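Here's a quick briefing on a single model. Have a look at the sequence and the coordinates, then read on.

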Amino acid sequence: MKTHILRLMCIVPGLLFASAVAQTTANSPARLDKFSKLPDWSGIWSLKGSPALLDVENGQPFAPGARDHPPYNAEWEAKYQADLIRAEHQGDANFPNPLVDTHTIYCAAGMPHIIGTPFDYEFIVTPEETWIIVDKETRHIYTDGRGFPPEDELWGTMLGRSIGHWEGQTLVAETISVKTGLWADFTPAMFSEQVHYSERFRQIDRNTLEDQVTVTDPVAFTKPWVFTKRYVKMLKPMTWIAEPETCGTPGDRNPIVNGRVTVVLPNPK
């Protein structure tokens, strides 16, 4: 055993040294000092109000005519109006051209829908990065000083690319490169590939987090769209995180059949 360890040290001394350096850096006084200045957002949080309309805190989801109010230009507003009608018929077997919620298609919310969902939220804060975990999705907001990837390395993803910095106890985040065609929430509000999200996360009282959001889209909007979402801390001791939603399995509640959403009732026990 000792001989094996000695041979390993001879083969990969650089690896062992790098590991030791990384551990020392992780526990360095400078990094611990940065940690001490960050807010404690541990625990499980839930959205305050309805996730239905991003700019209406208590809007009703799935109600006929329910809609967001992004400052669309005439072209994009006309498309949104048509998509609203198609979306209301996504479970109608007799409607010729329904539009299915992209959360159901991908079994993931994406941006900006992940900002307002009925699922549990967890915020993990470190000096280099903040993770926002919602159901099966995890946002990565890098605060290590990096910039966005170069243009030839950017392509649209469900959550885009996010970088940020701290202004005191406020996390300032910027997100670009979000996949097009995603619903903003429970209505089919969509944005162009040039959409840009600016967010300011802060704790406004002991049990409330706030996310002030500004959405700009030079292709689809006439002006920036601004709204605020809030999250409340679940105070029950030893609260367990909810089980992630299933998708594309026999347990899926809303399978897509022939391009339409269907609802499968649970088997009687």
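How exposed is R202, going by its relative accessible area? R202 is partly exposed at 34%, where partly exposed sits between buried (under 20% relative accessible area) and exposed (over 50%), using a 1.4 Å probe and protein chains only. Keep in mind that this is a predicted model, where local features need pLDDT of at least 70, side-chain atom pairs count only at pLDDT 80 or more, and totals for chains, interfaces and linings use all residues. Residues are numbered from 1 along each chain as its sequence is written, and side-chain values use heavy atoms, with hydrogens and water left out.

**Salt bridges**

- Searching the whole structure turns up eleven salt bridges, each being a side-chain nitrogen of Lys or Arg within 4 Å of a carboxyl oxygen of Asp or Glu.
- E167 and R200 form another salt bridge, 3.1 Å from N to O.
- That pair links distant parts of the chain, 33 residues apart: E167 belongs to strand β5 (residues 161–167) and R200 to strand β7 (residues 196–205).
- Helices (H or I, at least four residues) and strands (E, at least two) are DSSP runs, numbered from the N terminus.
- E167 is partly exposed at 39%, and R200 is partly exposed at 33%.
- D33 and K37 meet in a salt bridge too, at 3.2 Å from N to O; D33 is partly exposed at 37%, while K37 counts as exposed at 52%.

- Leaving out residues up to four places away in sequence, Y72 touches residues including E77, Y80, F191 and F221; contact here means heavy atoms within 4.5 Å.

**Confidence**

- Mean pLDDT (the predictor's confidence in each residue, from 0 to 100) is 84 for the chain, with 79% of residues reaching 70 or more.
- Residues 1–12 stay under 50, and the model gives them one contact beyond four places in sequence.
- Residues 15–21 are also below 50, with one contact beyond near neighbours in sequence.
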